[in-house]
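Biologist: I'd like to learn how to read a model like this, one feature at a time. Can we put it up and start?

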Amino acid sequence: MHRVMTPCTAQRWQLPARTLFRTQTHSRTFNSLSLITRAQDHTGSLDKDKDNNSSEDNTAVEGWQTTIDGLPDYTAEPRGRAKGVEWKLRAKGRNFVDFCRIKVSGGQGGDGCVSFHREKFIAFGQPNGGNGGRGGNVIFEASSNETSLQHIPHTGSAPRGVHGKGSLMHGHAGKDMIIKVPMGTIIREVPSPEKEREDEEEDEELSHKALELGETEAKDKEMSKRWVLYPRLANSLSALPEGKVNYFEEAQAWVAEEDRIVEARRAAMSKKPMLLDVNEHTEDGTQFMVGRGGGGGYGNPHFLTTQNRAPKYATRGREGQTRWLTLELKTIADAGLVGLPNAGKSTFLQAVSNAHPAIAPYPFTTLNPYIGTVDYSDSYQVKVADIPGLIRGAHMNIGLGHSFLRHVERSKVLVYVIDIAAEFGVKRKVKGVDDWTPEEDLELDETEESRSLKSSEDEDPNAVNAEYSQPFEDWKTLLDELEAYQPGLTRRPSMIIANKADVTEVAPKNLQLFQKLVHDEWAKRRVANSSSEPSSASDNYDIKIVPVSAKYKKNIVKVTSILREIVEAEKAKESVAAARREQREREEEDEALAFKATRRNIMNNSQNE
Ligand SMILES: Nc1nc2c(ncn2[C@@H]2O[C@H](COP(=O)(O)OP(=O)(O)OP(=O)(O)O)[C@@H](O)[C@H]2O)c(=O)[nH]1
Ligand SMILES: [Mg+2]
C-alpha cells in the first residue's frame, strides 16, 4: 500500500504508508542523542546520510568495531549480541526521549447565545441567552511516576467551552488538559515558528478577501468572528430610520475596549518567556498552567440597557493562549556516575543500591540513565544516577555523543568510575578514537603535550612504560569531556572509584601510580582555579580515591560512607545558602515596605499642610 505525500514544491514523493508515519513521529520528539547527531552533522565528523541508511552505515559501526581494543571484542560474541551493539550505535539510543518540543493551546471559549423568552400570553419576552463556558486550560503536573518524555504529545490542545443556550443556560467550561511531566523537567518557552509566517500571510489574506468578497462582505465575515447576530439583524441595522440610535455600535465600542484591556494584560503577562523548573523542591502533583483557556462569550442579556430592551447580539468566545515550549529532562540525583564504557558503573550501582541495571562485558550496555537509591542503616538515602559510558571525542558525537550528561548536570557530587585493571604501563590503543584527529586537534599540534603524545605513539605500543598510567589517562579523558560539555562542571565536589581492584596482577601497581598522578594533577588544577577565581573554594579539597571491587562487593561500605559525607556537606552548604537568600529577600521586602510607609507619611503630611 502506498500513500502520496505532496511537499510544498510540485515534486511528488511516493513513500510506503509506514514511512510517512515514522517520519512524523521522529520529527516531533527527538532525544538528546539523535539531537546531537543532527546538531553536529555540519562538522563533517559523521555523515548524516550514512547514519540514516542502515545498509551503507559503516562509519559508526566500523568505528566502533575497532574502538575498544583492549576490551573484549564484541564481534567475537554470539551473533545476536554483536547485532545488538551495532543497533545501539546506529539508533544512538533513540528509545529514550529526554527532549521534545510541544505546542500547547488553551481551549477557545464557548459562544454566547442570542435568545428571547417565549411564552403564551407574554409578548416581547426578556432576552435570555446564556454565556459561553471558558475554554479548558493546559496544565503540566509534576509526577514522580514518570521517568521520560516519551508520552508527551506533539500538540496539547484543551477542549473548548460549551456554547450558551436559551433560557439562560450558560455553557460549562472545557475540561482542563493535564499532562504529567517527570521531576527534573525544564520547560522553556520558545518563539513560535508560525508567528512570522502568519504575520506575512495575514496582510495578503485580508487584501485577497477584500478583492474576492467585496468590501462589505469581508467586513461582515470579520465581524462574525467576534459576534453572534440574530437572524436578519444586519438588514434591519442598515435600514435603520433617521434619528434612531444604533445600539449595536455602542456595544461594539464596549467590547473593543474590553478586548484592548485583555490584550494589554496578556501582552504584559507574556513579556518574559516562560521558564519553569520542576526540580527537587517541587512537590509531587504540583500543577503549572502553561496554556490558559479563552474566556466565554457574553449572551445577549449582557447588553441589556434601560434604552435597549432587546439586544439581538452576543459575543463569541475568546481564543485560548498558544505557546511553543521545549521540555528538557535533567534527571535529579545526588550523585552521578561518570566513566568510560565497561568501567563498571552499572555493576557499582547494583552493588550499592537496590537497582538492577543491565551489566555485560561489552561497551554501551547502558543507554538510558538509571537511578538507584543507596539506603543507609539510619534510613538516610542517596540517589545515584548511572549513565552511558563517555569516550574520548564524545563531544564530537563519537560513541553515543555526550548529551546524556544532562542527567548528571544537576548532581551534587560527581563519582568518577575508573577501571584500575588496565595493563600496567601500557597504553590501551583505541583505534578509531586515538587515530582520529579532528581539525581542532591538528591546530593544537604544536603544543608540547601533543608533541610528547605523538612521540609516545611512535614507540612500540606494547613496551612497558613505568610512568604511563592508563587509568590516569581515562580520568583525564573524563575531565576533558565533562569540561567540553559544560565548562566548570569538573569543579563539582567529586570522588574517584578505582574499580576492578580485585584484579591483583595489575591493580595495586596501577593504583599507586594513579594516586600519585591524580593528586599532582588535582593540586595543579586547584592552584590554577584559585588564581583565576580566588573567591571560589568549591574545589579546595583533596579528591578521594577509593579502590573497590564492585563485582565482588569489596570496600563498598567505605565508598558509600565517603559519598554520604560529601553529599551531606553539599546539602548543608545549599541549605545555608538558601537560608541566606531567604533572609536577604525578607530584608529587601521589609525595606520596600518601610520605604512605602515613609512615602505615605510624607504625602499625608504635605496634604495636611
Ligand atoms: N573483575 C571485575 N570485573 C568487574 C568489576 N566491576 C565490573 N566488572 C565487569 O566489567 C564489565 C562491565 O561492567 P558494567 O557494569 O556493565 O560496565 P559499565 O561501566 O556500566 O558499562 P557501560 O554501561 O557500557 O558504560 C562486566 O562484565 C562486569 O562484570 C569488578 O569490580 N571486578
Ligand atoms: Mg552500564
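Biologist: Where is the place of Phe 121?

Modeller: Some ground rules before that. This is a predicted model, so local features need pLDDT of at least 70 and side-chain atom pairs count only at pLDDT 80 or more, while totals for chains, interfaces and linings use all residues. Residues are numbered from 1 along each chain as its sequence is written, with chains lettered from A and ligands numbered from 1 in the order in which they are written. Helices (H or I, at least four residues) and strands (E, at least two) are DSSP runs, numbered from the N terminus. Phe 121 sits in the loop between strand S3 (99–105) and strand S4 (138–143). Its phi is positive, about 70°, although Phe 121 is not a glycine.

Biologist: Is Phe 121 buried or exposed?

Modeller: Count C-beta atoms, placed from the backbone: a residue with 20 or more others within 10 Å of its own is buried, one with 12 or fewer is exposed, and anything in between is partly exposed. Phe 121 has 4 such neighbours, so it counts as exposed. Ser 379 also has a positive phi, near 70°. That residue lies in the loop between strand S14 (370–375) and strand S15 (381–386), and Ser 379 counts as exposed because it has 6 C-beta neighbours inside 10 Å.

Biologist: Sheets next. In what order do the strands of the three-stranded open sheet run?

Modeller: Strands of a sheet pair through backbone hydrogen bonds, either parallel or antiparallel. Here two strands count as paired if DSSP finds at least two bridges between them. The order is S6-S4-S10, with mixed pairing. Strand S6 (177–182) and strand S10 (287–291) are at the edges with a single partner strand each, so one side of each has no neighbour in the sheet. S4 and S6 run parallel over six bridges, and Glu 141 stands opposite Lys 180 in S6.

Biologist: What about helix H15: how does its end-to-end distance agree with its residue count?

Modeller: The rule is 1.5 Å times one less than the number of residues. Helix H15 (residues 556–608) has 53 residues and should span 78 Å; the end C-alpha atoms are 77 Å apart, which agrees.

Biologist: Which residues of H15 are buried?

Modeller: Val 559, Leu 563, Ile 566 and Val 567. That's four of 53, so H15 is hardly covered. The partners are strand S13 (335–339), S15, strand S16 (413–419), strand S17 (494–499) and strand S18 (544–547).

Biologist: And which residues come nearest to ligand 1?

Modeller: A residue is near a molecule if its C-beta atom, placed from the backbone, lies within 6 Å of it. There are 24 residues around ligand 1, and Gly 344, Ser 346, Thr 366, Gly 389 and Lys 551 come nearest. Helix H10 (residues 345–352) gives the most to that shell, with three residues.

Biologist: One last thing: how many helices and strands does the protein have?

Modeller: 15 helices and 18 strands. Buried residues make up 34% of its 609 residues. Among contacts with a separation of 6 or more, 76% join residues 24 or more positions apart.

Notes:
Two residues are in contact if their C-beta atoms, placed from the backbone, lie within 7 Å.
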